[in-house]
Amino acid sequence: MIKLIDLLHEGVNENKDLQELANQAIEYFTKRNYQKVKKWRESGINENNLDFNEDIMLSGEFDSSKLSILSNFVEDIRLSVVIDNSIWSNGVYKGNGKIRVSAKKCGFISLVEYNIKFHDDDKKAFKTAFGAACRETLVHEFQHAYDDFRSSGKYASDKKSKEYYKNKVPVGTDYKMPPEVRNIYLQLPHEYWARLAPILSNIPTHKSLLDAIKSLKNNLVGWDVLDEKSQRRLIKAVSSYYYKEK
Ligand SMILES: [Zn+2]
């Protein structure tokens, strides 16, 4: 039987690994794309010359030696991250290890414009902008992919999720989620856990537990629409993280 302390370690280490995967993805896409900054400096940047053209990173490109518990995940499934310029959402997990992140939708254009002015170094300008734009989305989608992997595809098989996906309208480019649908979406367990993943490393563990929980409430998108039971689960997770890290 797994001891509580090991579970605690796993939750914390898992989050560190998700952050590490995001670091590696940011590094990878920077290496492949920073040369574009030169062109953007000369002629400006707009949505037509982002030119990511489905830039892809596959599991073989990750360095699993830097991971403590997600190395099997990276080695055993064909994980892929695609950067594109679509507009439907910041990112999406499509199943089977396939992640798509839209740099454009994540706000990359204004961030790179800004960073080009402050960094003479093209690589640094690209990396800073790309990290600021896409890091949270990458961590969020990696969490989905890992949950899919460790649950053998059952990560969205709870009652709420089943109901939601049964009634889901196919998402087109001009689709805007009505507020009542968005509220249901925000309450799906695998979605709120994946929204916790990117903000967990910013929880102030050097302050009081109350501050840590306040940070959760302020930073978790959709906190107010969650039912009390879900809020309690998240508070419990953040408290565990707090005691493990402080
Ligand atoms: Zn999600």
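The loop between helix 2 and strand 1 contains Glu-54. In this predicted model, the phi angle of Glu-54 is near 55°, a positive value in a residue other than glycine. Glu-54 has 10 C-beta neighbours inside 10 Å and therefore counts as exposed, since a residue with 12 or fewer such neighbours is placed in that class. Asp-51 is found in the loop between helix 2 (36-43) and strand 1 (55-58) as well. Its phi is also positive, at about 65°, although Asp-51 is not a glycine. Asp-51 has 12 C-beta neighbours inside 10 Å, so Asp-51 too counts as exposed.

The discussion now turns to the strands. Strand 4 comprises residues 98-102, and four of its five residues are buried, so this strand is largely enclosed by the rest of the structure. Strand 4 pairs with strand 2 (residues 80-84) in the parallel sense, over five bridges. Within this pairing, Val-81 has Ile-99 of strand 4 as its bridge partner. Strand 4 also pairs with strand 3 (residues 91-93), here in the antiparallel sense and over three bridges. In strand 4, Val-101 stands opposite Gly-91. Strand 3 and strand 4 form a hairpin, with four residues between them. The turn of this hairpin includes Gly-95, which has a positive phi of about 90°. As a general principle, the side chains of a regular strand alternate between the two faces of the sheet.

A helix may be considered next. Helix 8 (residues 189-200) consists of twelve residues. From its first C-alpha to its last, helix 8 reaches 16 Å, close to the 16 Å expected at 1.5 Å a residue. Which residues in helix 8 are buried? They are Glu-191, Tyr-192, Ala-194, Arg-195, Leu-196, Ala-197, Pro-198 and Leu-200. In general, an α-helix has 3.6 residues a turn, so residues three or four places apart point the same way.

Finally, the chain may be viewed as a whole. Its domain assignment gives domain 1 (4-150) and domain 2 (159-245). The C-alpha centres of domain 1 and domain 2 lie 21 Å apart. The contact between them takes 14 residues from domain 1 and 15 residues from domain 2. On the side of domain 1 that touches domain 2, helix 1 (4-33) and helix 5 (122-150) each supply at least two residues. The residues of this side of domain 1 divide into six nonpolar, six polar and two charged.

Technical notes:
Residues numbered from 1 in each chain as written. Predicted model: local features only at pLDDT ≥ 70, side-chain atom pairs only at ≥ 80, totals over all residues. Buried ≥ 20, exposed ≤ 12 C-beta atoms within 10 Å, placed from the backbone. Pairing = 2+ DSSP bridges. Expected span 1.5 Å × (residues − 1). Domains from an automatic or database assignment. Contact = placed C-beta atoms within 7 Å. Nonpolar A, V, L, I, M, F, W, Y, C, P; charged D, E, K, R; others polar.
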